[in-house]
Amino acid sequence: MIKFRNVTKIYPGSKQPALSDLTLEIDQGEFVFLVGPSGTGKSTLIKLLFREQLATGGQIFFHGRDIARLDKRQLLKHRRQIGMVFQDFRLLKQKTVFENVAFALEVLGRSTREINFKVPQVLEMVGLAGKEKSFPAELSGGEQQRVGVARALVKDPILLLADEPTGNLDRETSWQLMELFTDINRSGTTVIIATHAWDVVDRMQKRVLALENGRLVRDEKRGSYANEFQLI
Amino acid sequence: MNFNSFKYCLRQSFVSLRRNFWLAVATSCIIAVSLAILGGFLLLAVNARQLMGDIGTNVEICVFLYDNAEIEALEAEIGALEGVDNVRFVSKHEGLADFARSLGDESLLAGLEGDNNPLPNAFRVRASHTEAVPALAATIRTLPGVELVEYGAELISRLVKITGWLNSLFAGISALLAIGAVFLVITTIRLSVLARQEEIGIMKYLGASDWFIRFPFLLEGMAMGWQGTLAAVAALLAGYGRLADYLNRDTLAFFIRPVTAGEQLLPIYIGLVLLGTLLGGIGSVISIRKFLRV
Ligand SMILES: Nc1ncnc2c1ncn2[C@@H]1O[C@H](COP(=O)(O)OP(=O)(O)OP(=O)(O)O)[C@@H](O)[C@H]1O
Ligand SMILES: [Mg+2]
(Lines give C-alpha, C1' and ligand atoms only; values in the text may rest on other atoms or scores of the structure.)
(Ligands and ions follow the chains in the order given, each with its own letter.)
Protein backbone atom coordinates (compact mmCIF):
# COMPACT_ATOMS: atom_id res chain seq x y z
CA MET A 1 0.00 0.00 0.00
CA ILE A 2 2.81 2.39 0.96
CA LYS A 3 6.30 2.22 -0.43
CA PHE A 4 9.22 4.53 0.30
CA ARG A 5 12.10 4.21 -2.12
CA ASN A 6 15.35 5.94 -1.12
CA VAL A 7 13.44 8.89 0.26
CA THR A 8 15.43 11.89 1.42
CA LYS A 9 14.04 15.10 2.86
CA ILE A 10 16.13 18.18 3.39
CA TYR A 11 14.19 21.21 4.59
CA PRO A 12 15.14 24.40 2.81
CA GLY A 13 17.73 26.27 4.84
CA SER A 14 19.02 23.27 6.78
CA LYS A 15 22.07 21.21 5.88
CA GLN A 16 21.21 18.12 7.90
CA PRO A 17 18.62 15.92 6.15
CA ALA A 18 15.50 15.28 8.24
CA LEU A 19 15.20 11.91 6.52
CA SER A 20 17.89 10.22 4.48
CA ASP A 21 17.73 7.33 2.08
CA LEU A 22 14.65 5.81 3.62
CA THR A 23 13.33 2.62 2.05
CA LEU A 24 10.40 0.77 3.54
CA GLU A 25 7.07 -0.82 2.79
CA ILE A 26 3.82 -0.88 4.70
CA ASP A 27 0.97 -3.18 3.74
CA GLN A 28 -2.74 -2.61 3.85
CA GLY A 29 -4.15 -3.28 7.33
CA GLU A 30 -0.88 -2.95 9.22
CA PHE A 31 -0.52 -1.20 12.56
CA VAL A 32 2.82 0.59 12.75
CA PHE A 33 4.55 2.60 15.46
CA LEU A 34 7.13 5.18 14.45
CA VAL A 35 9.58 5.70 17.29
CA GLY A 36 12.84 7.49 17.88
CA PRO A 37 14.29 10.45 19.73
CA SER A 38 12.93 13.91 19.18
CA GLY A 39 13.97 15.49 15.91
CA THR A 40 14.69 12.26 14.06
CA GLY A 41 12.10 12.75 11.37
CA LYS A 42 8.96 10.95 12.55
CA SER A 43 6.71 13.92 11.84
CA THR A 44 8.55 14.50 8.60
CA LEU A 45 7.79 10.97 7.43
CA ILE A 46 4.10 11.45 8.20
CA LYS A 47 4.02 14.84 6.50
CA LEU A 48 5.58 13.35 3.39
CA LEU A 49 2.90 10.66 3.28
CA PHE A 50 0.17 13.23 3.67
CA ARG A 51 1.96 15.36 1.11
CA GLU A 52 2.13 18.31 3.39
CA GLN A 53 5.80 18.25 2.39
CA LEU A 54 7.45 17.04 -0.78
CA ALA A 55 10.43 14.69 -0.68
CA THR A 56 13.75 16.12 -1.79
CA GLY A 57 14.89 12.80 -3.27
CA GLY A 58 13.49 9.33 -3.88
CA GLN A 59 9.87 8.35 -4.38
CA ILE A 60 6.84 7.59 -2.25
CA PHE A 61 4.16 5.33 -3.65
CA PHE A 62 0.64 5.13 -2.36
CA HIS A 63 -1.38 2.35 -3.95
CA GLY A 64 1.26 2.18 -6.62
CA ARG A 65 1.09 5.85 -7.50
CA ASP A 66 3.96 8.27 -7.02
CA ILE A 67 2.42 10.88 -4.74
CA ALA A 68 4.77 13.59 -5.91
CA ARG A 69 2.97 13.40 -9.25
CA LEU A 70 -0.59 13.87 -8.05
CA ASP A 71 -2.37 16.73 -9.71
CA LYS A 72 -4.61 19.10 -7.79
CA ARG A 73 -7.68 16.89 -7.88
CA GLN A 74 -5.80 13.71 -7.10
CA LEU A 75 -4.14 15.44 -4.18
CA LEU A 76 -7.54 16.34 -2.73
CA LYS A 77 -8.65 12.76 -3.15
CA HIS A 78 -5.44 11.53 -1.55
CA ARG A 79 -5.94 13.71 1.51
CA ARG A 80 -9.63 12.92 1.76
CA GLN A 81 -9.01 9.21 2.18
CA ILE A 82 -6.39 9.74 4.89
CA GLY A 83 -7.33 10.48 8.50
CA MET A 84 -4.64 12.75 9.87
CA VAL A 85 -4.02 13.60 13.52
CA PHE A 86 -1.65 16.55 13.58
CA GLN A 87 0.95 16.94 16.30
CA ASP A 88 -0.17 20.58 16.62
CA PHE A 89 -3.91 19.69 16.39
CA ARG A 90 -4.77 22.21 13.64
CA LEU A 91 -8.33 22.74 14.72
CA LEU A 92 -10.48 25.38 13.07
CA LYS A 93 -10.57 28.12 15.69
CA GLN A 94 -13.78 29.64 14.42
CA LYS A 95 -15.68 26.40 14.63
CA THR A 96 -17.07 24.49 17.57
CA VAL A 97 -15.95 20.98 18.48
CA PHE A 98 -18.93 19.55 16.66
CA GLU A 99 -18.30 21.65 13.55
CA ASN A 100 -14.61 20.77 13.54
CA VAL A 101 -15.37 17.09 13.42
CA ALA A 102 -18.30 17.58 11.05
CA PHE A 103 -16.05 19.47 8.66
CA ALA A 104 -14.21 16.28 7.72
CA LEU A 105 -17.53 14.84 6.51
CA GLU A 106 -18.77 18.06 4.94
CA VAL A 107 -15.67 18.14 2.79
CA LEU A 108 -16.70 14.75 1.50
CA GLY A 109 -20.19 16.07 0.72
CA ARG A 110 -21.95 13.82 3.22
CA SER A 111 -25.54 14.52 4.20
CA THR A 112 -26.59 16.44 7.29
CA ARG A 113 -28.30 13.31 8.54
CA GLU A 114 -25.18 11.25 8.37
CA ILE A 115 -23.20 14.04 10.02
CA ASN A 116 -25.68 14.43 12.85
CA PHE A 117 -25.56 10.70 13.38
CA LYS A 118 -21.83 10.07 13.20
CA VAL A 119 -20.25 13.09 14.85
CA PRO A 120 -21.81 12.62 18.32
CA GLN A 121 -20.91 8.95 18.11
CA VAL A 122 -17.23 9.66 17.50
CA LEU A 123 -17.14 12.43 20.10
CA GLU A 124 -18.55 9.95 22.59
CA MET A 125 -15.84 7.45 21.63
CA VAL A 126 -13.02 9.90 22.33
CA GLY A 127 -14.67 11.02 25.55
CA LEU A 128 -15.81 14.47 24.46
CA ALA A 129 -19.56 14.06 24.82
CA GLY A 130 -20.97 17.29 26.18
CA LYS A 131 -18.25 19.46 24.67
CA GLU A 132 -19.90 19.74 21.26
CA LYS A 133 -20.55 23.47 21.50
CA SER A 134 -17.16 24.49 22.92
CA PHE A 135 -14.62 26.30 20.80
CA PRO A 136 -11.04 24.97 20.65
CA ALA A 137 -9.78 27.87 22.75
CA GLU A 138 -12.05 26.72 25.56
CA LEU A 139 -10.53 23.23 25.68
CA SER A 140 -7.49 21.76 27.42
CA GLY A 141 -4.59 20.49 25.33
CA GLY A 142 -5.69 16.89 25.77
CA GLU A 143 -9.24 17.71 24.78
CA GLN A 144 -8.10 19.53 21.66
CA GLN A 145 -5.97 16.54 20.78
CA ARG A 146 -8.99 14.28 21.05
CA VAL A 147 -11.00 16.57 18.79
CA GLY A 148 -8.22 16.09 16.25
CA VAL A 149 -8.46 12.34 16.69
CA ALA A 150 -12.24 12.39 16.34
CA ARG A 151 -11.93 14.42 13.16
CA ALA A 152 -9.54 11.86 11.71
CA LEU A 153 -11.65 8.88 12.73
CA VAL A 154 -15.07 10.12 11.74
CA LYS A 155 -14.61 9.60 8.03
CA ASP A 156 -13.51 5.95 8.28
CA PRO A 157 -10.21 6.59 6.51
CA ILE A 158 -8.32 3.82 4.72
CA LEU A 159 -5.13 5.18 6.29
CA LEU A 160 -4.84 6.79 9.70
CA LEU A 161 -1.76 8.92 10.31
CA ALA A 162 -1.38 10.05 13.90
CA ASP A 163 1.48 12.25 15.04
CA GLU A 164 1.80 11.83 18.80
CA PRO A 165 -1.93 11.47 19.36
CA THR A 166 -1.39 10.81 23.06
CA GLY A 167 1.21 13.50 23.68
CA ASN A 168 -1.04 15.51 25.97
CA LEU A 169 -3.04 12.70 27.51
CA ASP A 170 -2.86 10.86 30.82
CA ARG A 171 -2.19 7.12 30.84
CA GLU A 172 -5.84 6.15 31.17
CA THR A 173 -7.02 8.24 28.22
CA SER A 174 -4.01 7.19 26.16
CA TRP A 175 -4.94 3.57 26.54
CA GLN A 176 -8.54 4.26 25.61
CA LEU A 177 -7.36 6.01 22.45
CA MET A 178 -5.02 3.15 21.59
CA GLU A 179 -7.92 0.77 21.91
CA LEU A 180 -9.87 2.94 19.51
CA PHE A 181 -6.99 2.80 17.05
CA THR A 182 -6.82 -0.97 17.43
CA ASP A 183 -10.53 -1.22 16.73
CA ILE A 184 -10.35 0.87 13.64
CA ASN A 185 -7.29 -1.11 12.53
CA ARG A 186 -9.26 -4.32 12.96
CA SER A 187 -11.90 -2.99 10.62
CA GLY A 188 -9.22 -2.70 7.93
CA THR A 189 -7.72 0.76 8.31
CA THR A 190 -3.97 0.97 8.08
CA VAL A 191 -2.65 2.83 11.13
CA ILE A 192 0.66 4.64 11.47
CA ILE A 193 1.40 6.31 14.80
CA ALA A 194 4.42 8.39 15.73
CA THR A 195 4.86 8.31 19.47
CA HIS A 196 7.12 8.60 22.47
CA ALA A 197 4.79 6.51 24.65
CA TRP A 198 7.21 3.62 25.17
CA ASP A 199 4.97 1.65 27.55
CA VAL A 200 2.17 1.63 24.99
CA VAL A 201 4.49 0.49 22.24
CA ASP A 202 5.98 -2.23 24.40
CA ARG A 203 2.62 -3.58 25.49
CA MET A 204 0.94 -3.61 22.11
CA GLN A 205 3.58 -5.68 20.31
CA LYS A 206 2.95 -4.15 16.89
CA ARG A 207 5.33 -3.42 14.08
CA VAL A 208 7.89 -0.81 15.11
CA LEU A 209 9.92 1.42 12.79
CA ALA A 210 12.70 3.11 14.71
CA LEU A 211 14.33 6.22 13.29
CA GLU A 212 17.55 7.83 14.36
CA ASN A 213 19.01 10.92 12.78
CA GLY A 214 16.72 10.54 9.83
CA ARG A 215 17.67 6.92 9.16
CA LEU A 216 15.69 3.75 9.63
CA VAL A 217 17.65 1.82 12.27
CA ARG A 218 15.19 -0.89 13.18
CA ASP A 219 12.12 -2.53 11.64
CA GLU A 220 10.52 -5.26 13.75
CA LYS A 221 7.30 -7.14 13.14
CA ARG A 222 6.44 -7.33 16.85
CA GLY A 223 8.75 -4.74 18.24
CA SER A 224 9.27 -2.70 21.35
CA TYR A 225 10.07 0.95 21.90
CA ALA A 226 13.76 0.55 22.53
CA ASN A 227 16.42 -1.83 21.37
CA GLU A 228 16.94 -4.57 23.98
CA PHE A 229 20.63 -3.73 24.26
CA GLN A 230 19.77 -0.09 24.94
CA LEU A 231 17.60 -1.15 27.84
CA ILE A 232 20.47 -2.70 29.72
CA MET B 1 -19.97 20.41 -5.52
CA ASN B 2 -23.05 18.45 -4.59
CA PHE B 3 -26.21 19.64 -2.90
CA ASN B 4 -25.03 18.76 0.62
CA SER B 5 -21.92 20.83 0.15
CA PHE B 6 -23.97 23.70 -1.21
CA LYS B 7 -26.28 23.69 1.78
CA TYR B 8 -23.28 23.52 4.03
CA CYS B 9 -21.63 26.51 2.37
CA LEU B 10 -24.79 28.55 2.61
CA ARG B 11 -25.22 27.83 6.29
CA GLN B 12 -21.53 28.38 6.93
CA SER B 13 -21.59 31.88 5.46
CA PHE B 14 -24.31 32.94 7.86
CA VAL B 15 -22.60 31.36 10.86
CA SER B 16 -19.37 33.04 9.89
CA LEU B 17 -21.03 36.43 9.43
CA ARG B 18 -22.49 36.11 12.90
CA ARG B 19 -19.20 35.08 14.52
CA ASN B 20 -17.23 37.76 12.76
CA PHE B 21 -19.99 40.26 13.38
CA TRP B 22 -17.92 43.36 14.11
CA LEU B 23 -15.45 42.71 11.36
CA ALA B 24 -18.38 42.29 8.99
CA VAL B 25 -19.95 45.51 10.25
CA ALA B 26 -16.70 47.41 9.79
CA THR B 27 -16.29 46.03 6.28
CA SER B 28 -19.87 46.89 5.40
CA CYS B 29 -19.35 50.41 6.71
CA ILE B 30 -16.29 50.95 4.56
CA ILE B 31 -18.11 49.64 1.53
CA ALA B 32 -21.00 51.93 2.45
CA VAL B 33 -18.79 55.00 2.75
CA SER B 34 -16.84 54.43 -0.43
CA LEU B 35 -19.94 53.72 -2.47
CA ALA B 36 -21.82 56.64 -0.91
CA ILE B 37 -19.02 58.93 -2.09
CA LEU B 38 -19.17 57.44 -5.56
CA GLY B 39 -22.96 57.63 -5.56
CA GLY B 40 -22.98 61.22 -4.34
CA PHE B 41 -20.64 62.15 -7.11
CA LEU B 42 -22.77 60.40 -9.72
CA LEU B 43 -25.78 62.37 -8.51
CA LEU B 44 -23.77 65.56 -8.81
CA ALA B 45 -22.79 64.58 -12.34
CA VAL B 46 -26.37 63.87 -13.36
CA ASN B 47 -27.46 67.23 -12.01
CA ALA B 48 -24.64 69.10 -13.67
CA ARG B 49 -25.57 67.53 -16.99
CA GLN B 50 -29.18 68.43 -16.51
CA LEU B 51 -28.24 72.01 -15.64
CA MET B 52 -26.18 72.36 -18.80
CA GLY B 53 -28.99 70.80 -20.76
CA ASP B 54 -31.51 73.22 -19.25
CA ILE B 55 -29.47 76.21 -20.18
CA GLY B 56 -29.07 74.85 -23.69
CA THR B 57 -32.70 74.07 -24.30
CA ASN B 58 -33.76 77.40 -22.94
CA VAL B 59 -31.99 78.89 -25.89
CA GLU B 60 -34.68 79.25 -28.47
CA ILE B 61 -34.24 79.19 -32.17
CA CYS B 62 -36.19 82.06 -33.69
CA VAL B 63 -37.47 81.25 -37.14
CA PHE B 64 -38.75 84.31 -39.02
CA LEU B 65 -41.11 83.64 -41.85
CA TYR B 66 -42.06 85.28 -45.12
CA ASP B 67 -45.62 86.51 -45.10
CA ASN B 68 -46.58 83.91 -47.68
CA ALA B 69 -45.26 80.95 -45.71
CA GLU B 70 -47.60 78.03 -45.15
CA ILE B 71 -47.63 78.17 -41.43
CA GLU B 72 -49.40 74.98 -40.48
CA ALA B 73 -47.46 72.75 -42.87
CA LEU B 74 -44.21 74.34 -41.79
CA GLU B 75 -45.03 73.94 -38.11
CA ALA B 76 -45.73 70.25 -38.61
CA GLU B 77 -42.55 69.81 -40.61
CA ILE B 78 -40.36 71.50 -38.02
CA GLY B 79 -42.08 69.69 -35.18
CA ALA B 80 -41.23 66.38 -36.83
CA LEU B 81 -37.53 67.19 -37.13
CA GLU B 82 -35.14 65.14 -35.05
CA GLY B 83 -34.13 66.89 -31.83
CA VAL B 84 -37.04 69.33 -31.70
CA ASP B 85 -38.70 69.55 -28.33
CA ASN B 86 -41.47 71.95 -29.16
CA VAL B 87 -42.50 74.58 -31.68
CA ARG B 88 -44.48 77.63 -30.80
CA PHE B 89 -46.01 79.93 -33.38
CA VAL B 90 -45.75 83.64 -32.65
CA SER B 91 -47.87 85.71 -34.99
CA LYS B 92 -46.84 89.24 -35.98
CA HIS B 93 -49.59 90.43 -33.73
CA GLU B 94 -48.34 88.59 -30.67
CA GLY B 95 -44.80 89.58 -31.54
CA LEU B 96 -45.77 93.22 -31.48
CA ALA B 97 -47.62 92.85 -28.20
CA ASP B 98 -44.56 91.13 -26.70
CA PHE B 99 -42.34 93.86 -27.99
CA ALA B 100 -44.63 96.57 -26.64
CA ARG B 101 -44.69 94.88 -23.28
CA SER B 102 -40.91 94.70 -23.19
CA LEU B 103 -40.64 98.41 -24.00
CA GLY B 104 -42.96 99.20 -21.11
CA ASP B 105 -44.72 101.93 -23.00
CA GLU B 106 -47.31 100.67 -25.43
CA SER B 107 -48.07 104.09 -26.86
CA LEU B 108 -44.67 104.17 -28.58
CA LEU B 109 -45.84 101.54 -31.01
CA ALA B 110 -49.24 103.05 -31.64
CA GLY B 111 -50.26 102.92 -35.25
CA LEU B 112 -48.17 99.86 -36.07
CA GLU B 113 -50.98 97.38 -35.58
CA GLY B 114 -52.62 95.45 -38.36
CA ASP B 115 -51.23 95.90 -41.83
CA ASN B 116 -48.68 98.37 -40.65
CA ASN B 117 -47.05 95.78 -38.41
CA PRO B 118 -43.39 95.53 -39.54
CA LEU B 119 -42.68 92.33 -37.63
CA PRO B 120 -42.72 88.95 -39.41
CA ASN B 121 -44.56 85.86 -38.27
CA ALA B 122 -42.22 83.58 -36.40
CA PHE B 123 -41.69 80.19 -34.79
CA ARG B 124 -39.89 79.75 -31.55
CA VAL B 125 -38.28 76.32 -31.54
CA ARG B 126 -36.80 74.55 -28.54
CA ALA B 127 -34.33 71.76 -29.01
CA SER B 128 -34.36 68.68 -26.82
CA HIS B 129 -30.63 69.01 -26.23
CA THR B 130 -28.08 71.71 -26.69
CA GLU B 131 -25.84 69.90 -29.16
CA ALA B 132 -28.71 69.64 -31.63
CA VAL B 133 -29.24 73.37 -31.93
CA PRO B 134 -26.73 74.36 -34.64
CA ALA B 135 -27.68 71.53 -37.00
CA LEU B 136 -31.35 72.15 -36.38
CA ALA B 137 -30.98 75.81 -37.21
CA ALA B 138 -29.19 74.97 -40.44
CA THR B 139 -31.89 72.52 -41.49
CA ILE B 140 -34.74 74.88 -40.73
CA ARG B 141 -33.09 77.64 -42.76
CA THR B 142 -33.41 75.55 -45.92
CA LEU B 143 -37.16 75.06 -45.51
CA PRO B 144 -39.46 76.98 -47.90
CA GLY B 145 -41.03 80.09 -46.43
CA VAL B 146 -38.25 80.62 -43.89
CA GLU B 147 -36.66 84.01 -44.17
CA LEU B 148 -34.22 84.03 -41.32
CA VAL B 149 -33.08 81.80 -38.46
CA GLU B 150 -31.49 83.18 -35.36
CA TYR B 151 -30.12 81.63 -32.19
CA GLY B 152 -27.41 82.39 -29.68
CA ALA B 153 -24.74 80.71 -31.79
CA GLU B 154 -21.91 81.93 -29.62
CA LEU B 155 -23.54 80.75 -26.41
CA ILE B 156 -24.50 77.40 -27.85
CA SER B 157 -21.05 76.60 -29.14
CA ARG B 158 -19.58 77.48 -25.79
CA LEU B 159 -22.19 75.39 -23.98
CA VAL B 160 -21.52 72.40 -26.18
CA LYS B 161 -17.83 72.69 -25.46
CA ILE B 162 -18.36 73.00 -21.71
CA THR B 163 -20.79 70.11 -21.63
CA GLY B 164 -18.37 67.85 -23.47
CA TRP B 165 -15.59 68.88 -21.18
CA LEU B 166 -17.70 68.34 -18.07
CA ASN B 167 -18.77 64.93 -19.32
CA SER B 168 -15.19 63.74 -19.67
CA LEU B 169 -14.29 65.26 -16.32
CA PHE B 170 -17.17 63.53 -14.59
CA ALA B 171 -16.48 60.23 -16.31
CA GLY B 172 -12.84 60.44 -15.28
CA ILE B 173 -13.57 61.26 -11.65
CA SER B 174 -16.28 58.59 -11.43
CA ALA B 175 -13.86 56.03 -12.79
CA LEU B 176 -11.22 57.07 -10.25
CA LEU B 177 -13.72 56.92 -7.40
CA ALA B 178 -14.96 53.52 -8.56
CA ILE B 179 -11.41 52.17 -8.71
CA GLY B 180 -10.75 53.65 -5.28
CA ALA B 181 -13.85 51.95 -3.91
CA VAL B 182 -12.75 48.64 -5.42
CA PHE B 183 -9.34 48.83 -3.77
CA LEU B 184 -10.73 49.95 -0.45
CA VAL B 185 -13.23 47.11 -0.41
CA ILE B 186 -10.68 44.51 -1.46
CA THR B 187 -8.22 45.72 1.16
CA THR B 188 -10.84 45.62 3.88
CA ILE B 189 -11.99 42.15 2.94
CA ARG B 190 -8.41 41.00 2.76
CA LEU B 191 -8.04 41.99 6.40
CA SER B 192 -10.97 39.83 7.36
CA VAL B 193 -9.60 36.96 5.29
CA LEU B 194 -6.12 37.40 6.71
CA ALA B 195 -7.52 36.69 10.15
CA ARG B 196 -8.59 33.33 8.80
CA GLN B 197 -5.59 32.44 6.70
CA GLU B 198 -4.64 29.59 9.02
CA GLU B 199 -8.12 28.12 8.79
CA ILE B 200 -8.00 28.12 5.03
CA GLY B 201 -4.75 26.14 5.17
CA ILE B 202 -6.26 23.60 7.54
CA MET B 203 -9.31 23.23 5.32
CA LYS B 204 -7.06 22.43 2.39
CA TYR B 205 -5.29 19.78 4.46
CA LEU B 206 -8.62 18.20 5.25
CA GLY B 207 -9.22 17.80 1.54
CA ALA B 208 -11.56 20.73 0.93
CA SER B 209 -11.65 21.87 -2.69
CA ASP B 210 -10.92 25.47 -3.54
CA TRP B 211 -14.54 26.20 -4.33
CA PHE B 212 -15.71 24.59 -1.14
CA ILE B 213 -13.50 27.00 0.80
CA ARG B 214 -14.12 29.96 -1.46
CA PHE B 215 -17.87 29.74 -1.60
CA PRO B 216 -18.70 30.78 1.98
CA PHE B 217 -16.24 33.65 1.61
CA LEU B 218 -17.88 34.67 -1.65
CA LEU B 219 -21.34 34.69 -0.11
CA GLU B 220 -20.06 36.45 2.96
CA GLY B 221 -18.39 39.12 0.87
CA MET B 222 -21.50 39.58 -1.24
CA ALA B 223 -23.65 39.89 1.87
CA MET B 224 -21.31 42.53 3.29
CA GLY B 225 -21.21 44.40 0.00
CA TRP B 226 -24.95 44.23 -0.30
CA GLN B 227 -25.57 45.52 3.21
CA GLY B 228 -22.99 48.24 2.78
CA THR B 229 -24.47 49.53 -0.44
CA LEU B 230 -28.00 49.35 0.87
CA ALA B 231 -26.88 51.63 3.68
CA ALA B 232 -25.14 53.91 1.19
CA VAL B 233 -28.19 54.09 -1.05
CA ALA B 234 -30.48 54.74 1.91
CA ALA B 235 -28.22 57.60 3.00
CA LEU B 236 -28.11 59.01 -0.53
CA LEU B 237 -31.87 58.72 -0.92
CA ALA B 238 -32.51 60.54 2.35
CA GLY B 239 -29.78 63.15 1.91
CA TYR B 240 -30.41 63.86 -1.74
CA GLY B 241 -34.17 63.82 -1.27
CA ARG B 242 -33.92 66.53 1.34
CA LEU B 243 -31.53 68.60 -0.70
CA ALA B 244 -33.75 68.35 -3.75
CA ASP B 245 -36.78 69.34 -1.68
CA TYR B 246 -34.97 72.32 -0.28
CA LEU B 247 -33.72 73.48 -3.65
CA ASN B 248 -37.13 73.08 -5.23
CA ARG B 249 -38.69 75.23 -2.57
CA ASP B 250 -36.03 77.85 -2.13
CA THR B 251 -36.62 80.73 -4.51
CA LEU B 252 -33.00 81.86 -4.29
CA ALA B 253 -31.96 78.62 -5.90
CA PHE B 254 -34.52 78.98 -8.68
CA PHE B 255 -31.94 78.36 -11.37
CA ILE B 256 -31.04 74.93 -9.98
CA ARG B 257 -33.69 72.32 -10.68
CA PRO B 258 -32.35 69.10 -9.15
CA VAL B 259 -32.97 65.87 -11.01
CA THR B 260 -35.80 64.01 -9.35
CA ALA B 261 -36.97 61.82 -12.21
CA GLY B 262 -36.96 58.17 -11.19
CA GLU B 263 -35.77 56.98 -14.57
CA GLN B 264 -32.55 58.93 -14.11
CA LEU B 265 -31.92 58.20 -10.43
CA LEU B 266 -33.04 54.58 -10.23
CA PRO B 267 -30.27 53.24 -12.51
CA ILE B 268 -27.72 54.96 -10.29
CA TYR B 269 -29.09 53.43 -7.13
CA ILE B 270 -29.56 49.98 -8.61
CA GLY B 271 -26.13 50.17 -10.21
CA LEU B 272 -24.58 51.04 -6.87
CA VAL B 273 -26.21 48.09 -5.13
CA LEU B 274 -25.11 45.70 -7.88
CA LEU B 275 -21.62 47.15 -7.90
CA GLY B 276 -21.31 46.88 -4.11
CA THR B 277 -22.56 43.31 -4.00
CA LEU B 278 -20.30 42.29 -6.84
CA LEU B 279 -17.36 44.09 -5.27
CA GLY B 280 -17.89 42.32 -1.97
CA GLY B 281 -17.94 38.94 -3.67
CA ILE B 282 -15.04 39.57 -6.02
CA GLY B 283 -13.03 41.17 -3.23
CA SER B 284 -13.42 38.05 -1.12
CA VAL B 285 -12.46 35.68 -3.90
CA ILE B 286 -9.42 37.75 -4.85
CA SER B 287 -8.38 38.07 -1.22
CA ILE B 288 -8.32 34.37 -0.44
CA ARG B 289 -6.71 33.40 -3.72
CA LYS B 290 -3.17 33.31 -2.47
CA PHE B 291 -4.03 31.36 0.68
CA LEU B 292 -5.46 28.53 -1.38
CA ARG B 293 -2.06 27.52 -2.67
CA VAL B 294 -1.25 25.00 0.01
N1 LIG C 1 9.29 23.03 8.55
C2 LIG C 1 10.58 22.76 8.86
N3 LIG C 1 11.56 23.57 8.40
C4 LIG C 1 12.84 23.30 8.68
N5 LIG C 1 13.25 22.26 9.41
C6 LIG C 1 12.33 21.43 9.92
C7 LIG C 1 10.94 21.64 9.65
N8 LIG C 1 10.24 20.66 10.26
C9 LIG C 1 11.15 19.89 10.87
N10 LIG C 1 12.40 20.33 10.66
C11 LIG C 1 13.63 19.70 11.13
O12 LIG C 1 13.65 18.38 10.66
C13 LIG C 1 14.11 17.48 11.67
C14 LIG C 1 13.08 16.38 11.91
O15 LIG C 1 11.90 16.99 12.46
P16 LIG C 1 10.61 16.16 12.82
O17 LIG C 1 9.56 17.12 13.17
O18 LIG C 1 10.32 15.23 11.71
O19 LIG C 1 11.08 15.35 14.11
P20 LIG C 1 10.23 14.39 15.03
O21 LIG C 1 10.88 13.07 14.96
O22 LIG C 1 8.80 14.46 14.69
O23 LIG C 1 10.47 15.02 16.46
P24 LIG C 1 9.45 15.07 17.70
O25 LIG C 1 9.48 13.72 18.31
O26 LIG C 1 10.04 16.09 18.59
O27 LIG C 1 8.12 15.44 17.17
C28 LIG C 1 14.38 18.33 12.89
O29 LIG C 1 15.76 18.56 12.96
C30 LIG C 1 13.65 19.61 12.63
O31 LIG C 1 14.34 20.69 13.19
MG1 LIG D 1 7.11 15.20 15.57
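How many residues of chain B are in contact with residues of chain A? The count is 24 residues of chain B against 25 residues of chain A, where contact means heavy atoms within 4.5 Å. This is a predicted model, in which local features need pLDDT of at least 70 and side-chain atom pairs count only at pLDDT 80 or more, while totals for chains, interfaces and linings use all residues. Residues are numbered from 1 along each chain as its sequence is written, chains are lettered from A and ligands numbered from 1 in the order in which they are written, and side-chain values use heavy atoms, with hydrogens and water left out.

Back to the interface. Chain B and chain A bury about 2300 Å² between them, and 52% of that area sits on carbon and sulfur atoms; buried area here is the accessible area (1.4 Å probe) that two parts lose on being put together, summed over both. Of the area that chain B buries against chain A, 32% comes from R19(B), Y205(B) and L206(B), more than from any other three residues. Two salt bridges are counted between the two chains, a salt bridge being a side-chain nitrogen of Lys or Arg within 4 Å of a carboxyl oxygen of Asp or Glu. K72(A) and D210(B) meet in a salt bridge through their side chains, at 2.6 Å from N to O.

Chain B has an open sheet of four strands, in the order β2-β3-β1-β4 with antiparallel pairing. Helices (H or I, at least four residues) and strands (E, at least two) are DSSP runs numbered from the N terminus, and two strands pair if DSSP finds at least two bridges between them. The edges are β2 (84-90) and β4 (146-150) of chain B, each of which pairs on one side only. On average, neighbouring strands of this sheet are turned by 20° against each other, direction ignored; axes are lines fitted to C-alpha atoms, for helices over the stretch in contact, and angles run from 0 to 180 degrees between N-to-C directions.

Going through the sheet pair by pair, β2(B) is joined to β3 (residues 122-127) of chain B by six bridges, and V87(B) stands opposite V125(B) in β3(B). Five bridges join β1(B) to β3(B), with F64(B) partnered by A122(B) in β3(B). Four bridges pair β1(B) with β4(B), again in the antiparallel sense, and here V63(B) has V149(B) as its bridge partner in β4(B).

Two helices of chain B lie across β1, β2, β3 and β4 of that chain. Helix α3 (residues 71-79) of chain B runs at about 160° to β2(B), and helix α5 (residues 133-141) of chain B runs at about 165° to β4(B). Helix α1 (residues 3-19) of chain B reaches 24 Å from its first C-alpha to its last over 17 residues. That is close to the 24 Å expected at 1.5 Å a residue, the expected span being 1.5 Å times one less than the number of residues. Its buried residues include Y8(B), C9(B), V15(B) and L17(B), where buried means under 20% relative accessible area, exposed over 50% and partly exposed in between (1.4 Å probe, protein chains only).

Chain A has an open sheet of six strands in the order β6-β7-β8-β3-β9-β10, with mixed pairing. Because β6 (82-85) and β10 (215-220) of chain A each have a single partner strand, one side of each is left without a neighbour in the sheet. Neighbouring strands are turned by 15° against each other on average, direction ignored. Four bridges pair β3 (residues 31-35) with β8 (residues 190-194) of chain A in the parallel sense, and F31(A) has V191(A) as its bridge partner in β8(A). Helix α6 (residues 171-186) of chain A lies across β3, β7 (159-163) and β8 of chain A, running at about 150° to β8(A).

Over all chains, the whole structure holds 19 salt bridges. One of them joins the side chains of E52(A) and R90(A) at 2.8 Å, N to O. E52(A) lies in the loop between α1 (42-50) and β4 (57-62) of chain A and R90(A) in the loop between β6 and α3 (97-107) of chain A, so the pair ties together parts 38 residues apart in sequence. E52(A) is buried at 17% relative accessible area, and R90(A) is buried at 15%. In helix α6 of chain A, R186(A) and D183(A) are three residues apart, about one turn of the helix, and their side chains meet in a salt bridge at 3.1 Å, N to O. R186(A) counts as exposed at 65% relative accessibility, whereas D183(A) is partly exposed at 44%.
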